[in-house]
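Thanks for coming. I will take the contact between the chains, then each chain in turn, then some helix pairs.

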Amino acid sequence: MINSKYFLKGFKSIKGVGSPAIALGASFIAIGALLKNLGFSIQESIFSTFLTYALPGSLVMAESMLIGASLINIFIAVWLVNARLYPMTVALMPLLMHKNQPRWKYYLSCHFIAVSSWLIMKDNYEDIEKENRIDFWIGIGTATWSVAIFSTVIGYIASDFLNKDILIGLAIINPIYFICMMLGAMKTIQISLSVILGAILGPAFYFLSPEWCILFGGFIAGTIAFFLGERYGK
Amino acid sequence: MASNIIIVIFVTSLATYLSRFLGVVSAEKIKETSKMFRWFNCLAYSTLAALIARIVIFPLGSLSEIDYLIRFIVVILSIFVFYLTNKNLVYPTLFSAIMLSLFSTYL
């Protein structure tokens, strides 16, 4: 059903110099501590990371609960902040689809799409034959997801020992990891322009709308990068 | 409250899975060699860059207590470490956390 050779190959991506484990671990430790302070039980915290596995979404959920937002408002706020997962999925799945593979694998494993797993897959897919990419992907996804769940538990248990300075240190790790991975991914004109324009327009649109700035800024930046890249070479 | 938390978790995960699910539905009709695919690829990278830039420039939570100049210096130094260590991802991430903790303690 799942080719264990490729699954394990993907799973091992959490080791080595490109490992996302520290970055993922740092942020989900912070989430575990946050959920404990919000009054979640340890089971509920595990359940939350298990089912959502998207950091900004969990943060928005926590914020919304603090201000006592309604369920529909929580749904909209989370959907907005995690809507980036849509273009990410569309930009990944066609690389993994193969006629010999069952469709349920795609609908189930799309749950693993998050920034770190996505960037790792984008960085490595060319080395794997197309038919086996989905199993490789499921390996990466299972590994990163496990790190996230495990770290949530650690953060929950250790929350009393995490003082303000440690939490600040933990909070910078994830953005630094993503910045470095994005720099490493800038191999074509189109991607380089997308990254640079996105990093400028996203914060610029913040002054117009803090909620929509990522989607607006991202959409306009990506579209400009696409047209410029098509015209002046990929 | 306990059942309430469970419902909130379900609502959050549903709102998150929706984008992933619709992404797979759309992906079934898009070839990896098409222009449409390249456009979505640009959108994915630009949206991610926008998200990360927003986290660093307009952070929520504990990072917002740090002066933006310090955040800026830590980001630049970490990028420097990234290239210095031949694109190793572990060193710059560890370095950034230690730097920021030291800065926030002693500055």
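Two residues are in contact if their C-beta atoms, placed from the backbone, lie within 7 Å. This is a predicted model, in which local features need pLDDT of at least 70 and side-chain atom pairs count only at pLDDT 80 or more, while totals for chains, interfaces and linings use all residues. Residues are numbered from 1 along each chain as its sequence is written, and chains are lettered from A and ligands numbered from 1 in the order in which they are written.

First, the contact between the chains. Chain A puts 83 residues into the contact, and chain B puts in 70. On the side of chain B that touches chain A, the elements giving two or more residues are α1 (2-27), α2 (35-57), α3 (68-84) and α4 (90-106) of chain B. By class, the side of chain B that touches chain A has 45 nonpolar, 18 polar and 7 charged residues. For these classes, Ala, Val, Leu, Ile, Met, Phe, Trp, Tyr, Cys and Pro count as nonpolar, Asp, Glu, Lys and Arg as charged, and the others, Gly among them, as polar.

Now chain B by itself. Chain B has 4 helices and 0 strands. Its radius of gyration is 19 Å, whereas a compact globule of 107 residues would have one near 13 Å. That radius is taken over C-alpha atoms, and the globule rule is 2.2 Å times the number of residues to the power 0.38. The C-alpha trace of chain B spans about 55 × 50 × 20 Å along its principal axes. Chain B is divided into domain 1 (1-30), domain 2 (31-61) and domain 3 (66-107), with bounds that come from an automatic or database domain assignment. The centres of domain 2 and domain 3 of chain B, taken over C-alpha atoms, are separated by 23 Å.

One helix pair in chain B. α3(B) and α4(B) pack at an angle of about 150 degrees, and their axes are 9 Å apart. Axes are lines fitted to C-alpha atoms, for helices over the stretch in contact, and angles run from 0 to 180 degrees between N-to-C directions. α3(B) and α4(B) are therefore roughly antiparallel to each other. The cut-offs are under 35 degrees for roughly parallel, over 145 for roughly antiparallel and 65 to 115 for roughly perpendicular, with the rest oblique. The crossing of these two helices is right-handed; a crossing is left-handed if the near helix is turned anticlockwise from the far one by less than a right angle, and right-handed if clockwise. Among the residues that meet are B:Val74, B:Leu77 and B:Val81 in α3(B) and B:Phe95, B:Met99 and B:Phe103 in α4(B). The contact of α3(B) with α4(B) has 11 nonpolar, 2 polar and no charged residues.

On to chain A. Its secondary structure comes to 13 helices and 0 strands. The radius of gyration of chain A is 18 Å, close to the 17 Å from the globule rule for 234 residues, so chain A is as compact as a globular protein of that length. Its C-alpha trace spans about 50 × 45 × 35 Å along the principal axes. Chain A is divided into domain 1 (4-181) and domain 2 (186-234), and 23 Å separate the centres of these domains, taken over C-alpha atoms.

Two helix pairs in chain A. Helix α2 (residues 21-37) and helix α4 (residues 55-66) of chain A pack at an angle of about 20 degrees, with axes 11 Å apart. That makes α2(A) roughly parallel to α4(A). α2(A) passes α4(A) in a left-handed crossing. The contact is made by A:Ser27, A:Ile31, A:Leu34 and A:Leu35 of α2(A) with A:Leu55, A:Ser58 and A:Ala62 of α4(A). By class, this contact has 5 nonpolar, 2 polar and no charged residues.

The other pair is helix α3 (residues 42-52) and helix α10 (residues 133-158) of chain A, which pack at an angle of about 150 degrees with axes 9 Å apart. That makes α3(A) roughly antiparallel to α10(A). Their crossing is right-handed. Residues making the contact include A:Ile46 and A:Phe50 of α3(A) and A:Ile149 and A:Val153 of α10(A).
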